[in-house]
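Biologist: I would like to learn how to read a structure like this one. Where do we begin?

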Amino acid sequence: MLPPIRKKSTGWRLFLRTIAGRAYPRVIGQQREKSWMFFEIFLPLLSVAAYVFVYRAIHAPEEYVGFVVVGGAMTAFWMNVLWSMSSQLYWEKETGNLALYIISPAHMMAVLLGMALGGMLATTIRAVVIILIGSLLFQVSYAVSSFASLLLVFILCMTALYGMGMMSASLFLLLSREAWHIANLAQEPIYLASGFYFPIKNFHFWVAAAASIIPLTLGLDAMRQLVFPSGASLGFLSVPIEVGVLVVLSVVFLTGARVLLAHMERLAIQEGRLTEARR
Amino acid sequence: MSVIKSSLDNLFSSIGWRSFRMAAWLGWKIESNWTDPFLFAIYSIIKPLAASAILVVMYSVITNGDFSSPIFPYIYLGNAFYQYVGSVMTGVSWAVIDDREHYRTLKYIYIAPVHIPVYLLGRGVARFITGTFSVIITILFGVLFLKVPLDPLLINWPLFLVSLLVGVIMLALIGLVLAGVTLMTAQHTFMIGDAVAGSLFLFSGAIFPLEVLPAWLRPVGFAMPITYWLELLRRSLVGSVAEAFPTLARFTNLQLLAILVGLSLVFGVLSSVIFRWLDHIARERGMIDQTTNY
């Protein structure tokens, strides 16, 4: 027989414990499954190298090599948001965990935040390793104009990005097998639109502006401006404007996630979709 | 005549053929029935075009849109056909995750009268078909809008078809190795076939001539059958453009085909041995019905 719960967690304490509880398997699970080191660091690094050599084959200026290394590292975050945030609730539904989340007294927003924080931590390690090795291999030189601005941009970019992931996770709550395909479809078009491997300034203004709805677009553009000597001349908007837009996106996506999650959860319960598994 | 007929009857009633046929049919149903045909068509168009557009924009940014340079069709066609690498390898290897973790039927398939390696190869057929749509769409887009110099009357069709067939079989066999590896690993946030395809992009000369690589890395490219396969496809489609690049200029088409067939045979034997070995370990460790999710 299980021991009785002596000290019940409620309110903020429960919220925080849920975040820690959901982040835990993300961080620890990855340490137990060592194969990710090979598949999520070494293989993407080779992919980054391929784009570097394309630029060298067409005699591009050397700073583009740095753009590819930074962009390649940031793909890890997009992949994480796409597969481990957006489509995660669909996967939890398939494995039967979603109903357990709903039954438990834990807040779903805390579950999503836990997934986000756990995923972000593990992905940051991956991205840092890719940048370090990529920079050493291709002798990328950085000239950081402001570490404080760089940190601010990164934090805002991650907040907006994972907020977006949380919002789309609630939308995916209603989806079934198509969720997997939609996530799959959102890979390459976002690599293209967000300028992972080239400055988005090369797009028409309105195309770049539309692409800025994805937080990585402006986050990446601002980071490039802050770390490369020629970055500012290739930037889409000035860094302060991009920071302002990222703040707005963070607020919109986090609020949207909260509202949509409540709505979608209610809808999913009403329509009986929480335990559905359309194989 | 009756000998041929009885041989064919034996073949079509064999466990291997039935495993392949049913797996191909099952794979197609899974790949195509998740949505209506309209959305499926859009999905099939956007994904490959976006992937190619990344390279087109990169090239265009640096060269100010000089699409008449010979390096452009080299990059574009190499990238277009490289989509088969990801599709076929993922099709074969992802079936393990699909059946083990999503449908949770892998253990039932293992205990049924099914030849597992052939079943996995059959599951790759659907991805080959969707991959073919992607390749055709990408090439059509290149010809119509980006001046890729492709003339149907000048294409060496026999060389193209033979190279394509040998290459796809070779890719499926590499996919089998990845399927074996997948039996031993957890589900990750990506598909192993696509991840490996992305990494082999570097060595295969798909999007840049191997001369661009550091000299110590080039032997990896020369040891890979994909390098020769892509060269043969390019030569069959745009012969003069492809032959202008020095990487494999010293080889005739026939020599390249012989190398491709030879390397494919080597990879075929290796993949069979490696898959059996990994499959044995997975059974021994009870990994056939594991589910992983964090």
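Modeller: Begin with contacts. Two residues are in contact if their C-beta atoms, placed from the backbone, lie within 7 Å. Keep in mind that this is a predicted model.

Biologist: What share of the contacts in chain B with a separation of 6 or more comes from residues 24 or more positions apart?

Modeller: Such residues account for 84% of those contacts.

Biologist: Which elements make up chain B?

Modeller: Read them from the N terminus: α-α-α-α-α-α-α-α-α-α-α. That is 11 helices and zero strands.

Biologist: How do helix 4 and helix 7 of chain B pack?

Modeller: Look at angle, distance and hand. The angle is about 35°, and the axes are 8 Å apart. Helix 4 of chain B passes helix 7 of chain B in a right-handed crossing. Among the residues that meet there are Val88(B) and Val92(B) from helix 4, and Leu171(B) and Gly175(B) from helix 7. The contact divides into 16 nonpolar, four polar and no charged residues.

Biologist: How many residues does each chain give to the contact between chains A and B?

Modeller: Chain B gives 39 residues and chain A gives 40. On the chain B side, helix 3 has the largest share, with 14 residues. That side holds 28 nonpolar residues, 10 polar and one charged.

Key. Residues numbered from 1 in each chain as written. Chains lettered and ligands numbered in written order. Predicted model: local features only at pLDDT ≥ 70, side-chain atom pairs only at ≥ 80, totals over all residues. Helix = DSSP H or I, 4+ residues; strand = E, 2+ residues; numbered from the N terminus. Nonpolar A, V, L, I, M, F, W, Y, C, P; charged D, E, K, R; others polar. Axes fitted to C-alpha atoms, helices over the stretch in contact; angles between N-to-C directions. Left-handed = near helix turned anticlockwise from the far one by under 90°.
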